[in-house]
Amino acid sequence: MTAPRPKGYWKDFSNLESELEPIIEELGHFPTQSELQELGKSSIINGIQVYYSGMNAVREKMGYGSLKKPNGYWKEFSN
């Protein structure tokens, strides 16, 4: 178990990146919320939700692209 992080720790995006990068390397992809929970990293999830508008926003900010389909995607028959 890791020591508690100081208040505002997750506000610094570099802290979030430094926590996520070894997980990404281990998994071979950007983790899902479920994967972070399974790894006991719920504090990362909380920081992402409080300071960065969710997993997709952080995924995109770190250059991994969104898993979310754009609005109206499924209205196109070809999709």
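This is a predicted model: local features need pLDDT of at least 70, side-chain atom pairs count only at pLDDT 80 or more; totals for chains, interfaces and linings use all residues.
One salt bridge is counted in the model. The two side chains that form this salt bridge belong to arginine 5 and glutamate 19, with a nitrogen-to-oxygen distance of 3.2 Å. Distant parts of the chain are linked by the pair: arginine 5 is in the segment before helix H1 (13-27), whereas glutamate 19 is in helix H1, and 14 residues separate the two. The pair qualifies as a salt bridge because a side-chain nitrogen of Arg has to be within 4 Å of a carboxyl oxygen of Glu, and the distance here is 3.2 Å. The side chains of glutamate 19 and arginine 5 are also listed as making a polar contact, at 3.2 Å.

The two partners fall into separate classes of accessibility. Arginine 5 has a relative accessible area of 25% and is therefore partly exposed, since this class lies between 20% and 50%. Glutamate 19 has a relative accessibility of 17% and is therefore buried, the cut-off for this class being under 20%.

When neighbours within four places in sequence are left aside, glutamate 19 is in contact with Arg5, Tyr9, Trp10 and Ile44. For glutamate 19 and isoleucine 44, the separation in sequence is 25 residues, and the C-alpha to C-alpha distance is 7.8 Å.

Asparagine 15 is another residue of helix H1. Its relative accessibility is 19%, so asparagine 15 also counts as buried under the 20% cut-off. Residues up to four places away in sequence not being counted, asparagine 15 touches Tyr9 and Trp10.

The largest nonpolar core contains 16 residues. Those that touch the most other members are Leu16, Leu20, Phe30, Leu36, Ile44, Val58 and Met62. Two or more residues of this core are given by each of H1, helix H3 (42-51) and helix H4 (55-61). H1 provides the largest share, namely five residues.

Note on methods
Residues are numbered from 1 along each chain as its sequence is written. Side-chain values use heavy atoms; hydrogens and water are left out. Helices (H or I, at least four residues) and strands (E, at least two) are DSSP runs, numbered from the N terminus. Buried means under 20% relative accessible area, exposed over 50%, partly exposed in between (1.4 Å probe, protein chains only). Contact means heavy atoms within 4.5 Å. A polar contact is a pair of N or O atoms within 3.5 Å; within protein, one must be able to donate a hydrogen and the other to accept it, and residues adjacent in sequence count only if both atoms are side-chain atoms. A nonpolar core is a set of buried Ala, Val, Leu, Ile, Met, Phe, Trp, Tyr and Cys residues joined through side-chain atoms within 4.5 Å.
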